[in-house]
Protein chains: 2
Amino acid sequence: MSIDLEQAEGTVTETDIVDAPADAPEAIPVRDEEGRIDAAFLQKVEDAIEAGDETAVRELAGDLHEADLGDLLEALGENDRPRLVQLLGGDFDFAALTELDEAVRVKLIDQLPAEDVAEGIGELDSDDAVYILEDLEPEEQAAILNQLSFSDRIQLQRSLDYPEESAGRLMQTDFIAVPPFWTVGQTIDHLREDHDLPDTFYEIYVVDPAFRLLGAVALDKLLRTKRSRKIAKIMTEERQAVAATEDREEVARLFERYNLVSAAVVDEGERLVGVLTIDDIVDVIQEEAEEDLRALAGVGDEEISDTVMVIARSRLTWLIVNLATAVLASVVISLFENTIEAMVALAVLMPIVASMGGNAGTQTMTVAVRAIATQELGSRNFWRVLRREVLVAILNGVALALLMGLVAGVWFANPGLGLVIGTAIIVNQLFAGLAGLMIPIILERLEVDPAIASSVFVTTVTDVVGFFAFLGIAALWFGLPF
Amino acid sequence: MSIDLEQAEGTVTETDIVDAPADAPEAIPVRDEEGRIDAAFLQKVEDAIEAGDETAVRELAGDLHEADLGDLLEALGENDRPRLVQLLGGDFDFAALTELDEAVRVKLIDQLPAEDVAEGIGELDSDDAVYILEDLEPEEQAAILNQLSFSDRIQLQRSLDYPEESAGRLMQTDFIAVPPFWTVGQTIDHLREDHDLPDTFYEIYVVDPAFRLLGAVALDKLLRTKRSRKIAKIMTEERQAVAATEDREEVARLFERYNLVSAAVVDEGERLVGVLTIDDIVDVIQEEAEEDLRALAGVGDEEISDTVMVIARSRLTWLIVNLATAVLASVVISLFENTIEAMVALAVLMPIVASMGGNAGTQTMTVAVRAIATQELGSRNFWRVLRREVLVAILNGVALALLMGLVAGVWFANPGLGLVIGTAIIVNQLFAGLAGLMIPIILERLEVDPAIASSVFVTTVTDVVGFFAFLGIAALWFGLPF
């Protein structure tokens, strides 16, 4: 339930406010208890689209928050999406496009006339406009840019010229900059008069005549200070000005580390060119943590809306790399064909040793990969962590060895077999711990992303060592041929 | 390089500002290029602590940002940490404790006198104070609370009474609330006069005489509006007031969805009791994404500073569960002992089928778990996603089958073996895709966290089906005994 009084500025009366909810469209809940778009609401919107009922569509979806509108669009069928946009007309907030999966967004923009998209994009904050434009095909991007006003076009083109995933792509180019000799009063008056301000802002910036960044003043500071005071006296020299070419991952780390809400972006000449705000960075922080998860599991940045071919192709690469690993493990087993022939129980038990190693290796590796990403693991604490991993591997190895040794000894009525599998498990747990820690560290030194490549190498080690240790120890212990 | 002019308020002159950098301690870089605490800087701090040189310690670490001070503490040895705090005395900012790993923080607080901790905590914002207190042992917590002023104690106790991981624990209880009939001018004057304001804030809140929340005004809005305007006219009715008992995960989702920077927290009576700000939520968002990653790999919320026993115990549970799974797979193999005895090549090749299934299952499962967590996968798109997973499994299954069939056929000079392994791979890929998608969905329906339990079940399916399909098809094809 929301009434944005701003929209009715100047005309609203106390009575209006009280009356508003009665005939407001939000009486129908937009989301169900799970937070998903409500099924009954969705049905109403679909019916209104079906009927081409502009008034009904506007009443239902005209006042939605961009996040709700975005989720509504995703919930609709592919063909209903452009129809919703067109029925809403001027009431459609193009900021909703920033909430869509890339595949859905690109498809929808393709279905809409370039003029409509250009008009909608022209009204957005520059960071949202760039976010929408950057994924489009070059021709489509050009077609939309050409419909924009000269100044908007130049501004967006400038952001788009920065490298992908850089601060320049994320920044908002509308911001407030004042000279240091202004007073607090002058600054507040300027804010009251200037109507071309960004949608929301948390700081104002202080620049010299060449637009070089001198400092920043948080809005709460501005509000708390007497009107007569000079801006120069209350500004904080920007601890954390970000270069426009800086990688967004680095920027996200800075925001996290210093709990920033916004940061100034400067070009090579230290001139202020834009502002980054936390809402853009939150997405980056989440994506970065998720990227590690996906990389470790061998899935790329696929989205739930991607097509079969895109997904199949991106996952196949990983599967083929792992196939090579699996074949290598088989080659190790084939060295012991005669051993297995002499004692088939070994074939039955051998996957256990390899699998326990794989699990332990994955545990250590996951912790190591994240600790490297968050810079908690470095040469400073390497030896302590190594010693710890070795001790954990020995402790857990002995526990698993006792348990599995007992099971195997009883199962095959062969205490020697229990002893063999127990020893092999301890050996493999130790290798798993070492590989899980060392492989991510070595990859990072080689400047390969540890999240992407670690698990193939760790599994190779735990499979090869697992099969080799178990079959080898068995052959020696029982005096079997190999 | 930072000069916080606020600290020198009223006394600083233009000359001071220009001169400040020359004798400021920050001439030594605190962090190296990687963003870690610089080794040379660390050495200087350690030397100063060793020498008990208060002046040197204050010069080096007295003006650090809380995040830098926190990382410095972690970089120091266990015994140097309390000494640094004591040498810094009043210059030590207890907010730095919020930047430490839990184990390090608890240990350090234990090493410090309760009075010192109470004094430091008394100066913090309430959310930081609660964050530090909540992990302590009840007696230690009580000892510190007892040293605080009555009003501070009541305030903190109230937050601590909310359930763990709730909004009430995260919120800041210092905030600004004004009545709706005040004007913008009155409000700004109030801000200038009130000296007991929170450190930073982005919104002010509007309440009725019973302190029930009526709305909020963003600071930029306040600054842009004429002094004579009534607050009631410019406030936004709070779309997103959060209940104090709400789970922090839900709250984080709300912040993400609506790009919030702060939100009001209300009690059961709709009374305003606190404010949540994005910097607290960013940590939650990151932890949630990371929790899924850790849960899928079978590691709990261990930290790089935890001890061997804590880690070994938390990881062992997972390993034992997986051991049961591995034994189950071995039971399946043991059904085919005679088959393997008749054709040892099967033992060599069988892990490949199971392993490829495990990899594909993990891929699908990872995507499904995250899509469930972010509410992108639901009944609405279930059938489309299922159809897609089946098609991807068939496509990739056929590709892997052709490749591995060829390798196996040539390796063992037995085209039939190639055919058998190819067929088994296709079957297992299909089961892997289905299990990877269905198991997380079923677990979610049963209200079990899909991230924690999925991978055990998925691996069980891909192992059992993998060994059974390969050995079974081989027995039938070659007419082997089983």
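View 1. Helices here are DSSP runs of H or I with at least four residues, strands are runs of E with at least two, and both are numbered from the N terminus. Helix H20 of chain B covers residues 382-411, and its end C-alpha atoms lie 42 Å apart, which agrees with the 44 Å that its 30 residues should span at 1.5 Å a residue. That expected span is 1.5 Å times one less than the number of residues.

This is a predicted model, in which local features need pLDDT of at least 70 and side-chain atom pairs count only at pLDDT 80 or more, while totals for chains, interfaces and linings use all residues. Residues are numbered from 1 along each chain as its sequence is written, chains are lettered from A and ligands numbered from 1 in the order in which they are written, and side-chain values use heavy atoms, leaving out hydrogens and water.

View 2. Glu447(B), in the loop between helix H21 (415-445) and helix H22 (450-478) of chain B, is exposed at 76%.

**View 3. Ser159(B) in helix H10 of chain B.** Ser159(B) is buried, at 1% relative accessible area. Beyond its neighbours within four places in sequence, Ser159(B) has contacts (heavy atoms within 4.5 Å) with Val130(B), Gly168(B), Arg169(B), Met171(B) and Thr173(B).

Conventions. Buried means under 20% relative accessible area, exposed over 50%, partly exposed in between (1.4 Å probe, protein chains only).
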